[in-house]
There are 2 protein chains.
Amino acid sequence: MDYETTSEVFQMLSHPVRLQILDELRQRESCVCHLQAVTGRPQAYISQQLRILREAKLVADEKDGQNVFYHLRSDLVREVLDQTLGEADLPRHLPDCNCPFCSGEKA
Amino acid sequence: MDYETTSEVFQMLSHPVRLQILDELRQRESCVCHLQAVTGRPQAYISQQLRILREAKLVADEKDGQNVFYHLRSDLVREVLDQTLGEADLPRHLPDCNCPFCSGEKA
DNA sequence: CTATTATATGCAGAGAACCATATATATTAT
DNA sequence: ATAATATATATGGTTCTCTGCATATAATAG
């Protein structure tokens, strides 16, 4: 990868909320409302950051009923996050989230 | 490292010229004029980017006569660059550079 | 059909980053 | 002392980024 392309990847990582989203997604797929609960940011804000990450092809989305689930799509980003943030060990269920996983509807 | 601090490191890497400078520095220490020759950018521009990297504590400088030599100071950045840019194998001597290394004055 | 819930998009002001140009300082050579 | 070379800083205009707020769409429930 050339410097231009590589710097564009780092650009995506150079933002605390995007970083937190990617940290969550490297551990498991999450819907938007889950990421809202994790970050404590407004829904529109999360959707905007997800769009940026989607357009950079670092994440992909998959619709399931009312929810849209996002997952990490870049092995390089996964490796870089492992190296910089260490092992991911984030809570599975959040009290502030009503998503199918957090409410126990899905495993 | 928290998301805020980590994102600040990535911020430094999210710029093609800074990335090229760090790529050079992970292989060997370089003076400013060498980095000028490597990047093809004006001297003032390089000095500005070096100041940003210096203030972020990713590089350090050492004066030697007329020259100022910079070197990489962060193991984390070195590891991340190894992972993203691969093995560094950049030319030792540049025709456009008059620095002590390039002109053969120093080994 | 209407209301509700989940998600996406559009827009705009504030601030930050980028980069050029001009200038300052420090070292060495003549 | 003067000139040349290497490096640093100051300043400013332009362009991006961030982020809040308003609104749009899509799915499901009643």
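Q: In this predicted model, which residues in H5(B) do Tyr3(A), Thr6(A) and Phe10(A) in H1(A) meet?
A: The model is a predicted one. The residues of the contact of H1(A) with H5(B) divide into 4 nonpolar, 2 polar and no charged. From H1(A) come Tyr3(A), Thr6(A) and Phe10(A), and they meet, in H5(B), Val80(B), Thr84(B) and Leu85(B).

Q: How are H1(A) and H5(B) oriented to each other, oblique or roughly parallel?
A: The axes of H1(A) and helix H5 (residues 75-85) of chain B come within 11 Å and cross at roughly 125 degrees. The crossing in which H1(A) passes H5(B) is right-handed. The two helices, H1(A) and H5(B), are therefore oblique.

Q: How are H1(A) and H1(B) oriented to each other, roughly parallel or roughly antiparallel?
A: In each chain helix H1 covers residues 3-13, and the two axes come within 8 Å, crossing at roughly 155 degrees. An angle over 145 degrees counts as roughly antiparallel. H1(A) and H1(B) are therefore roughly antiparallel.

Q: Is the crossing of H1(A) past H1(B) left-handed or right-handed, and which residues of H1(B) make the contact?
A: H1(A) passes H1(B) in a left-handed crossing. The contact has 4 nonpolar, 2 polar and no charged residues. On the side of H1(A) it is made by Ser7(A), Phe10(A) and Leu13(A), and on the side of H1(B) by Ser7(B), Phe10(B) and Leu13(B).

Q: What area is buried between chain A and chain B?
A: The contact takes 21 residues from chain A and 21 residues from chain B. Carbon and sulfur atoms give 68% of the area buried between the two chains, which is about 2,000 Å².

Q: Which residues in chain A lose the most area to chain B?
A: Phe10(A) belongs to the contact of H1(A) with H1(B), and Phe10(A) and Tyr3(A) both meet H5(B). Together, the residues asked for account for 36% of what the chain A side buries. They are Tyr3(A), Phe10(A) and Gln83(A).

Q: Which strands of chain A stand at the edges of the sheet?
A: Chain A has an open sheet of 3 strands with antiparallel pairing, in the order E1-E3-E2. The edge strands each have a single partner strand, so one side of each is left without a neighbour in the sheet. These edge strands are E1 (30-31) and E2 (59-64).

Q: What is the bridge partner of Asp64(A) in E3(A)?
A: E2(A) and strand E3 (residues 67-72) of chain A run antiparallel and are joined by 6 bridges. In E3(A), the residue paired with Asp64(A) is Asn67(A).

Q: What angle does the direction of helix H4 of chain A make with that of E2(A)?
A: Helix H2 (residues 16-27) of chain A packs on the sheet, where it touches E1, E2 and E3 of chain A, and its direction makes about 85 degrees with that of E3(A). Helix H4 (residues 43-55) of chain A also packs on this sheet and touches E2 and E3. With the direction of E2(A), that of H4 makes about 120 degrees.

Q: Which strands of chain B does helix H4 of chain B touch?
A: Chain B has an open sheet of 3 strands in the order E1-E3-E2, with antiparallel pairing. Helix H4 (residues 43-55) of chain B packs on this sheet at about 120 degrees to the direction of E2(B). The strands of chain B that H4 touches are E2 and E3.

Q: Which residue in the turn between E2(B) and E3(B) has a positive phi?
A: Strands E2 (residues 59-64) and E3 (residues 67-72) of chain B pair in the antiparallel sense over 6 bridges. Within this pairing, Glu62(B) stands opposite Phe69(B) in E3(B). The two strands form a hairpin with 2 residues between them, and a positive phi of about 65 degrees is found in the turn at Gly65(B).

Q: Is the crossing of H2(B) and H3(B) right-handed or left-handed?
A: The axes of helix H2 (residues 16-27) and helix H3 (residues 32-39) of chain B come within 10 Å and cross at roughly 120 degrees. That makes H2(B) oblique to H3(B). The crossing of H2(B) and H3(B) is right-handed.

Q: Which residues of H3(B) make the contact with H2(B)?
A: By class, this contact has 5 nonpolar, 3 polar and 1 charged residues. H2(B) takes part through Val17(B), Gln20(B), Ile21(B), Glu24(B) and Leu25(B), and H3(B) through His34(B), Leu35(B), Val38(B) and Thr39(B).

Technical notes. Residues are numbered from 1 along each chain as its sequence is written. Chains are lettered from A and ligands numbered from 1 in the order in which they are written. This is a predicted model: local features need pLDDT of at least 70, side-chain atom pairs count only at pLDDT 80 or more; totals for chains, interfaces and linings use all residues. Side-chain values use heavy atoms; hydrogens and water are left out. Axes are lines fitted to C-alpha atoms, for helices over the stretch in contact, and angles run from 0 to 180 degrees between N-to-C directions. Helices (H or I, at least four residues) and strands (E, at least two) are DSSP runs, numbered from the N terminus. Angles under 35 degrees count as roughly parallel, over 145 as roughly antiparallel, 65 to 115 as roughly perpendicular and the rest as oblique. A crossing is left-handed if the near helix is turned anticlockwise from the far one by less than a right angle, and right-handed if clockwise. Contact means heavy atoms within 4.5 Å. Ala, Val, Leu, Ile, Met, Phe, Trp, Tyr, Cys and Pro count as nonpolar, Asp, Glu, Lys and Arg as charged, and the others, Gly among them, as polar. Two strands pair if DSSP finds at least two bridges between them. Buried area is the accessible area (1.4 Å probe) that two parts lose on being put together, summed over both.
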